[in-house]
Amino acid sequence: MFQHDRLNNEISLFQKIKNLDYILVISVILLSLLSVFVMYSTDGGEILFHTKNHFVKLAVFFPLMIFVAFFNIKFWHNFSYIIYFIVILLLIYVSFFGIKSSGSQRWMDLYLFVLQPSELMKVAIIMCLAKYYHRLKIENVNSFTSIIIVLSIILIPTIFVISQPDLGTSILIALSGLIILWLGGMKIKYFIYSFITFLISLPFIISFLKPYQKLRILTFLDPDRDPLGAGYQIIQSKIAIGSGGLNGKGFLKGTQSYLDFLPEKHTDFIFTLFSEEFGFIGSVGLLILYIIIIFRIIRIGSISRSNFAKLFCFGYAFAIFIYIVVNLSMVLGLLPIVGSPLPIMSYGGSSMLATMIGFGIVLSAKINHKQMIA
Amino acid sequence: MIKSNSVIRKTDVINRRMFIIGAAKIVVFVGIIARLFSLQINENKKYLTLSDKNRIREWKLPPTRGNIVDYFGNVIAGNLKVYQLHIIPEQVENFNYLLVRLKNLLNLSDKRIARINKLKSELKPWESIIVSENLSWSQFVKINNYLYDLVGIKPVMTISRNYPFNDVYTHVLGYVSQPNEEEILENEIIQERFVPGMKIGKLGLEKRLENHLIGTNAIQRYEVNAYGKRINQLEHQKGKQGSKIRLTLDTEIQKACGELLNGKAGSISVMDIYTGDIIAMYSSPSYNPNLFLFGISQDEWQLIRNNPLKPLINKTLSGLYSPGSTIKPIVALSALENKVIDTKFKVKCTGKMELYGQTFHCWKEKGHGWVSLKNAMKQSCDTYFYEVARLLGVDRLNVTAEKFGLGKKVLGDYFDNEKKGLFPNTKWKKNNLGKGWVLGETLITGIGQGYIQSTPLQLCMMTAQIANGGFAVKPKIIVDSNPISYEDAKQSMESGLLFDTDSEELLDKKLFKDQRNIKIVQEAMFASTNERFGTSYKSRIDDPKYQFAGKTGTAQVKRISKRERELDLELEQIPYKDRDHALYVAYGPYVKPRYALSIIVEHGGSGSKAAAPIAKKLFKLIINRHDLRNKQSNFERITV
């Protein structure tokens, strides 16, 4: 066993490159290229601000993913708690000194770019909980102390993010955490009970929501109640997607987009533009690309020997899945509008940074899949 | 080993639970794809339509009104290219500088500048502001010369209504102007086709025939962005000009009427006695309808409004006058038809007639002596007609008069300002005034005074129906889809029956019991104009080609006091408002009559001096244009 460990520790750079998961890497490259073209379309067929910045970010963060992958999975295991605490500190920092924009305080200025720590928390919480369950004895999974600990790990960042306020990201953080609890073996009845409790207390929770958040829920239930106000985004989004048809209107020909009917077309509604221009076929194609990525991550998780790698990969696959589902459901009018970007496709540095780091750790798990972690 | 076992057990749990969410993920993805399918494939059409509705905006352009032409095809209400100046605010660099430049170039008033500034704040920056609706050519050239300096300015060529004969047709055609809100809401067609800058008929035929004249909008489709800004033009759909309307009027005669009444208040109507075509219909004074197209100035409006000769009133249709002696042919005819008198019946005129202590004067103080019908008509002896009216009674007179068109509208519903006038009878007085009829009132009705009121067009029609041998005519001002030629009209009239195209029935067109009575009246009218001592003898034309028969009339506008009668003032000595109206009705040529006319000169004095001479000048022109009119047989099919 020691021998094995030693062997793994001594993997050469060449070996590491060879052991990269190329299906995942190529899928990420494809997705990145696609995102640049779509960004080019949102700029009205010109290389403007968004296209340039998006490309530059990809050019920085893609190598960062490979860089992350070259660290041993053990390294990431060892630093999981520290990373989690650093991000918590960043959240605290942001809640006091963050940059305010359109009513919320989520960002910190790093001179080169503006960081949104809550995006990093989406990955950090998975790392933290994966390590916790990796080390937890199976017998103690449902013990009172462990449940209190894991719930605290989830609740602390969630509360910070809610207070920014950023409901969308906090939900995604909470869900990413909960999935590790599920995978870690927490009793199913706890999930069922807490789900029922959640449903019962839902009206109570709603009464605590901000007026604009309530409005979003009402608008989701009936977008036509205020078609030019709150319902505008979802109506225009559905029109754009619906009018795309089977083949779409063609690259750079999405009228809803270039005539400015689409809101937030660079960020949360990027899929709408893509779907308008590339139609049903393109949309399903994009979805398949995402499914391949998710499948590859799960596959890497299942060949990993260490439970940390397994938990991280499965958890991260689920997180990517949830990001996509929440984003698509939102633009398709299946969920109320909560701010949630589409991984890689949406404009936004922090989200891309977090996603790429996540992919990097998954790739590290692949390179070191035989690695056992004590 | 225990540890290792625990790890393995944990791995099992993880794998098992992963499998469960894996399955859940598939379900969710299938759900999302189903949703995509329903939006993009099933409901694609709906959303495509919505997307087009988003991006395509239609701009309607004002429709082009149909032309109105006279009988000979001369355009009397047409369309003219006008040059306009628009500002597109978003292209303007310095708005105030631009306004100062324009103010100097076009001599704009401060009020106009204020208005432009107001419009600028109300409109979106890409919507154009109309600075001037009608630039003169020299202004247009000037603007084009300075275009390099006037950024954001757009000279535009567009079409506007135009009345080439200015005031000649105003009372017939009316004019067009910007509609008010009520007018837009009232008419569905206007509502549908309305665009700012469009003009609609406000008066006369322009108003009555609005729905035929209006035309359809040209439509321009633009792609717009979410803020409504035009991005590019997609297509242009041409509009259809409104229907062309041809009138029965003759511009030359209409113009002559205007010249003959120049400076006077009055009216002339000319009618074809067989077809009922109205050949001229002029109310004087008139005004220039072109003034109203771009909004009339206050000064010009006050000038028209305050003119004591009342140009705004269409005297031909809404002017109500006592017919005076022009009613005498009807009185005579009624008496003959009712066998109250015959040609041998004579009355001695002593200049006045006493009845129940009231004195009724003849216009000739010394009296006419013994007069028969012919002489009484010729010299317009009032005493004779007092006596005839007394014998006849007002009720029988009323029947004949209404048969000949008095007391009802002539052109029906073409002009909403047409008045129906009044021919009284005993029942009318009882119902409306609540008093019994007095015999004295019969006497003055016999000479066309008292309650009786008629429009000039009614008198013209009355004369036409005497002239054509006593047959009903249907007056027309528009050449319709089923025009009747003069020969057909005459023939069907003389056979006594006429197929009425409106009611699709054979109507009895005879207005008489014995046609010889008509003949007697015609001869008496002939004598009045063409025999010595006739009241319009001085205005006669001896050439049989133009020879006409007529009857003068002088309508009192106020009761003549005894003192005034004794003074016997000259016209110039009486205040304008108190002077008599001069009337004349006539038809000609006497041998083969074709046209009837009525002339009224308000406060013109006696009919023989002020009205009959106008007929003499006019008849020459009317008869001279007769052949031309006959040749103009290219009846165009126009459905109205």
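## Chain B at a glance

Of the 640 residues in chain B, 42% count as buried, where buried means that 20 or more other C-beta atoms lie within 10 Å of a residue's own, exposed means 12 or fewer, and partly exposed is in between, with C-beta atoms placed from the backbone. This is a predicted model, in which local features need pLDDT of at least 70, side-chain atom pairs count only at pLDDT 80 or more, and totals for chains, interfaces and linings use all residues. Residues are numbered from 1 along each chain as its sequence is written, while chains are lettered from A and ligands numbered from 1 in the order in which they are written.

Chain B has 25 helices and 21 strands; these are DSSP runs, H or I of at least four residues for helices and E of at least two for strands, numbered from the N terminus. Now look at the contacts in chain B between residues at least 6 apart in sequence: 74% of them join residues at least 24 apart. Here, two residues are in contact if their C-beta atoms, placed from the backbone, lie within 7 Å.

## Two nonpolar cores

A nonpolar core is a set of buried Ala, Val, Leu, Ile, Met, Phe, Trp, Tyr and Cys residues joined through C-beta atoms within 7 Å. The largest one here has 127 residues, and Met271(B), Leu597(B), Ile599(B), Ala611(B) and Ala615(B) touch the most other members. Domain 1 (59–246) and domain 2 (251–616) of chain B both give residues to this core, so it lies between them; the domain bounds come from an automatic or database domain assignment. Apart from this core lies another, of 112 residues, including Tyr132(A), Phe278(A), Ile294(A) and Phe359(A).

Let's zoom in on Met271(B). Leaving aside its neighbours within four places in sequence, its contacts include Ile278(B), Ile279(B), Cys460(B), Met461(B) and Tyr595(B).

## A five-strand sheet in chain B

Follow the strands β12-β11-β21-β20-β19 of chain B and you have crossed an open sheet of five, with antiparallel pairing. Two strands count as paired if DSSP finds at least two bridges between them. At the edges stand β12 (278–284) and β19 (549–555) of chain B, each with a single partner strand, so one side of each is left without a neighbour in the sheet. From one strand to the next, the twist averages 5°; axes are lines fitted to C-alpha atoms, for helices over the stretch in contact, and angles run from 0 to 180 degrees between N-to-C directions.

Within this sheet, β20 (residues 581–588) and β21 (residues 595–601) of chain B are antiparallel partners over seven bridges, and Val585(B) stands opposite Ser598(B) in β21(B). Helix α24 (residues 607–624) of chain B packs on the sheet, where it touches β11 (266–272), β19, β20 and β21 of chain B, and its direction makes about 30° with that of β20(B).

## A hairpin and a buried loop residue

Another antiparallel pair in chain B is β14 (residues 352–355) with β15 (residues 358–361), joined over four bridges. Together β14(B) and β15(B) form a hairpin with two residues between them, and Tyr356(B) in the turn has a positive phi of about 45°. Glu354(B) has Thr359(B) as its bridge partner in β15(B).

Ile541(B) sits in the loop between α22 (515–530) and β19 of chain B. Is Ile541(B) buried or exposed? It has 20 C-beta neighbours inside 10 Å, so Ile541(B) counts as buried. Not counting residues up to four places away in sequence, Ile541(B) touches Tyr546(B), Gln547(B), Phe548(B), Lys616(B) and Phe619(B).

Chain A has an open sheet of three strands in the order β1-β2-β3, with antiparallel pairing. Its edge strands are β1 (99–101) and β3 of chain A, each with a single partner strand, so one side of each is left without a neighbour in the sheet. Three bridges join β1(A) to β2 (residues 104–109) of chain A, and Lys100(A) stands opposite Gln105(A) in β2(A).

Gln116(A) is in the loop between β3 (114–115) and α6 (117–135) of chain A. With 25 C-beta neighbours inside 10 Å, Gln116(A) counts as buried. Gln116(A) and Arg106(A) are 10 residues apart in sequence and 5.8 Å apart in space, C-alpha to C-alpha.

## Where the chains meet

The contact takes 37 residues from chain A and 37 residues from chain B. On the side of chain A that touches chain B, the largest share, nine residues, comes from α14(A). By class, this side of chain A has 21 nonpolar, 12 polar and four charged residues; Ala, Val, Leu, Ile, Met, Phe, Trp, Tyr, Cys and Pro count as nonpolar, Asp, Glu, Lys and Arg as charged, and the others, Gly among them, as polar.
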